[in-house]
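I opened this model to look up a handful of things, and I kept these entries as I went along. The sequence and structure come next, followed by my notes.

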Amino acid sequence: RDQQVQLRSPSYRMDCDSLRYNAASSIAYFISPTQLVSEENTIYTEHGLYNTDADITILYGNVLLTGDDGQTLSADSLYYDKKLRFGRSWRNSVLTDTVNHFIVKGNYLEHHEKGGTSIATDSNLVIYIDDNKDTLFLHCDTLFIDFDTASNPTLVRAYFHTKFLHKNIQGACDSMTYIVKDSLLVMYYNLVFWSDNYQLSGDTVRFCIIDSVQSTIELCRS
């Protein structure tokens, strides 16, 4: 033990006060607050282990992963595969993107740092801040967010008991999709939609949001 312990692998530099290392299994066990630093991200943890051969970490205790793309993932527990740039987190999970101005909260998250589909379940809440500093709140049972290879969100899908709240619009429905590029929001089944002084209901509603104001609304099969 030392007060300035440092362990290096091909992927990470690990800085901490104390750790245990099993040379036979190539696993480092973190028993004190530790930082894992790489070119792509930095991970803080208080307890856990890192398999230096497989490049896999299993961490718990105020875990924080900070990426080089403006995204952070915090949680009570985290599984992270550095080769795949893929993480799973449990309890009090928060994914924050300072570049695209959104926050995803839930008790279980799956996230791909370099594109793909991220999933959030259990007490989900999405907070999105647009260019006019207006905030959209979205809640549902299960959330899917598709990202391109540059970590930009392209499609949001919300399933079951979906509700959203914005300065100009509010709504509730069974499920919903949002196409980011087209600013097109589609609500499905058992829906109610409020805007200003009117209310809409039906099986499907499609509308566009431009500069925080809905510009086109299409009501289908009322």
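I began with D81 and, leaving aside its neighbours within four places in sequence, I found D81 in contact (heavy atoms within 4.5 Å) with D55, I56 and F86. Before going further I noted that this is a predicted model, in which local features need pLDDT of at least 70 and side-chain atom pairs count only at pLDDT 80 or more, while totals for chains, interfaces and linings use all residues. I also noted that residues are numbered from 1 along each chain as its sequence is written, and that side-chain values use heavy atoms, with hydrogens and water left out.

I then placed D81 in strand β9, which covers residues 71-81; strands here are DSSP runs of E with at least two residues, helices are runs of H or I with at least four, and both are numbered from the N terminus. A salt bridge needs a side-chain nitrogen of Lys or Arg within 4 Å of a carboxyl oxygen of Asp or Glu. A polar atom of the D81 side chain does, however, lie 3.2 Å from the backbone nitrogen of L84.

**The chain as a whole**

I counted the secondary structure next, and the chain comes to 0 helices and 20 strands. Its C-alpha atoms fill a box of roughly 70 × 25 × 25 Å along the principal axes, and 44% of the 222 residues count as buried. Among contacts between residues at least 6 apart in sequence, 29% join residues at least 24 apart.

I looked up the charges too, with Lys and Arg counted as positive, Asp and Glu as negative, and His and the chain ends not counted. The mean positions of the 18 positive and 28 negative charges are 3 Å apart, where the place of a charge is NZ of Lys, CZ of Arg, CG of Asp or CD of Glu.

**Salt bridges**

How many salt bridges does the structure hold? I found 5, and I followed up some of them. Side chains of opposite charge can pair when their charged atoms come close.

One of them joins the side chains of R13 and D15 at 2.9 Å, N to O; R13 is partly exposed at a relative accessible area of 26%, and D15 is partly exposed at 22%.

Another joins R91 and D76 at 3.7 Å, N to O. R91 lies in strand β10 (residues 86-97) and D76 in strand β9, so this pair ties together parts that are 15 residues apart in sequence. R91 counts as exposed at 54% relative accessibility, whereas D76 is partly exposed at 26%.

I also looked at R157 and D146, whose side chains meet at 3.1 Å, N to O. This pair links R157 in strand β16 (residues 153-165) with D146 in strand β15 (residues 142-147), 11 residues apart, and D146 is buried at a relative accessible area of 16%.

I ended in strand β10 with V94, which touches T72, L73, S74, I103, V104, K105 and L109, not counting residues up to four places away in sequence. I also checked V94 against T162, and the two are 68 residues apart in sequence and 19 Å apart in space, C-alpha to C-alpha.

How values were computed. A polar contact is a pair of N or O atoms within 3.5 Å; within protein, one must be able to donate a hydrogen and the other to accept it, and residues adjacent in sequence count only if both atoms are side-chain atoms. Buried means under 20% relative accessible area, exposed over 50%, partly exposed in between (1.4 Å probe, protein chains only).
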